[in-house]
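Please look through the sequence and the model below before reading on. The paragraphs after it go from one residue to its surroundings, and then to the rest of the chain.

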Amino acid sequence: MAKDLINRYIWLADTIRRRGRMTRAQLNESWQKSALNTTGTQLCRRTLYNYRNAIAAIFNIDIQCDPVTYEYYIADSGEARTSVSDWLLNARAMADTLTGATDISNRIFLEDVPSARGHLGTAIDAIRQSRAMRFDYYSYSRSRPTRGVIIEPYFLRIFKQRWYVIGRNVADGRIKTYALDRLKEPTLTDRQFVMDDTFTPAEYFRDAFGIVVTRNEPRRISLRADSHTAHYLRDLPLHHSQQEVVHDNFSIFYYRMYLSEDLVREITGYGPRLTVIDPPELKAMVMNEHRAALAAYTPDNRT
């Protein structure tokens, strides 16, 4: 019964999220067509009220009713909270779907996120309690670990199957990013902190691709994609600033982003199907990356 209720909550929140705004009559019509409604029950006002309260408590999603149009909608709670709510809905919906597919589990392959198993809980506790974290950090770019790092954790971000914690390094006062799977024995300290109200995760990463934030100004970027690659970029944009101009056999995609190694690697991963038009600095970075890759396959460099 509990699982059935959770599935109904997910259905209601996801239906309103996808449709935008819906009256109770429209919701009831959709409910009649739902596979979850095995008994043909109506979505009465009292039931809807109870579901809304449960969804707010479980998923932190606020479904409100417009007193003028009597339409139900999901209240805007900020980009970061909306992202978490979407994540919870998608994760729960996927979990329920996969639970019913155990008979073919050997034919379903999922991506692993190892960093979520290690220190994600510790980082969440530190953020929730506004307490500094202490850990040793094993960076890929250094031969020796950095001992006794203390940060005031501000927020978490996942990128390419890896969780990162971002916060103020107490020693030098700078905002830094740390991969959770490179932390060793993270612990919460007694040091309390207050996060600056003017500092928001959405604004911090607004012009970044992935987790790299630089001190340089973001640049206007234009990329040329063949028609095949353009389909992928439309379905999964590189960045929220993405804009497209369609031509006969290709598209030009425009962005506003920092120039970073992560961005270069993403572009080079598409090979000749995605090329840089502007700015010249990014074009040079991508060309150098391609040259270095090609040089590794020359006879002199082969083992």
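**A walk through the model**

Leaving out residues up to four places away in sequence, aspartate 262 touches Phe159, Phe209, Ile211 and Val212; contact here means heavy atoms within 4.5 Å. Aspartate 262 is in helix α9. Helices (H or I, at least four residues) and strands (E, at least two) are DSSP runs, numbered from the N terminus. Aspartate 262 counts as buried because its relative accessibility is 16%. Buried means under 20% relative accessible area, exposed means over 50%, and partly exposed lies in between (1.4 Å probe, protein chains only).

This is a predicted model, in which local features need pLDDT of at least 70 and side-chain atom pairs count only at pLDDT 80 or more, while totals for chains, interfaces and linings use all residues. Residues are numbered from 1 along each chain as its sequence is written, and side-chain values use heavy atoms, with hydrogens and water left out.

The chain as a whole comes next. It has 10 helices and 12 strands. Of its 303 residues, 34% count as buried. Among contacts between residues at least 6 apart in sequence, 56% join residues at least 24 apart.

Leucine 223 is placed in strand β9 (residues 219-226). Its relative accessible area is 0%, so leucine 223 is buried. Apart from neighbours within four places in sequence, leucine 223 is in contact with several residues, among them Leu238, Ser251, Phe253, Ile267 and Val276. Leucine 223 and tyrosine 254 are 31 residues apart in sequence, and their C-alpha atoms are 6.5 Å apart in space.

Proline 272 is in the loop between α9 and β12 (274-278). With a relative accessible area of 74%, proline 272 is exposed. Proline 272 and aspartate 226 are 46 residues apart in sequence, and 8.9 Å apart from C-alpha to C-alpha.

Now to the aromatic rings. A pair of aromatic rings is described by the distance of the centres and the angle of the planes. Rings of Phe, Tyr and Trp (its six-membered ring) pair if their centres lie within 6.5 Å; planes under 30 degrees apart count as stacked, over 60 as edge-to-face and the rest as tilted. A search of the whole structure finds 13 aromatic pairs. One of them is formed by phenylalanine 135 and tyrosine 137, which is edge-to-face at 6.3 Å centre to centre with 65° between the planes. Phenylalanine 135 counts as buried because its relative accessibility is 2%, and tyrosine 137 counts as buried because its value is 13%. Tyrosine 137 also pairs with tyrosine 178: the ring centres are 4.9 Å apart and the planes are at 85°, so this pair is edge-to-face. The pair links distant parts of the chain, with tyrosine 137 in strand β4 (residues 131-137) and tyrosine 178 in strand β7 (residues 175-179), 41 residues apart. Ring pairs also link Tyr154, Phe155, Phe193, Phe199, Tyr204 and Phe205 into a cluster.

The charged end of arginine 157 sits over the ring of phenylalanine 205, 4.3 Å from the ring centre. A charge sits over a ring if NZ of Lys or CZ of Arg is within 6 Å of the ring centre and within 35 degrees of the ring normal. Arginine 21 lies over the face of tyrosine 73, at 4.6 Å from the ring centre.

Which residues lie nearest the centre of the second largest pocket? They are Tyr137, Ser139, Thr177, Tyr178 and Ile211, out of 27 residues that line this pocket. On a 1 Å grid over the protein atoms alone, a pocket is an open set of points where a 1.4 Å probe fits, with protein on both sides within 12 Å along at least five of seven lines; lining residues have an atom within 4 Å of a point. The largest share of the lining of the second largest pocket, 5 residues, comes from β7.

Some backbone details remain. Most residues other than glycine have a negative phi, and most peptide bonds are trans. Serine 130 is not a glycine, yet has a positive phi of about 55°. Serine 130 is found in the loop between α6 (120-129) and β4. The peptide bond from aspartate 278 to proline 279 is cis, with omega near 0°.
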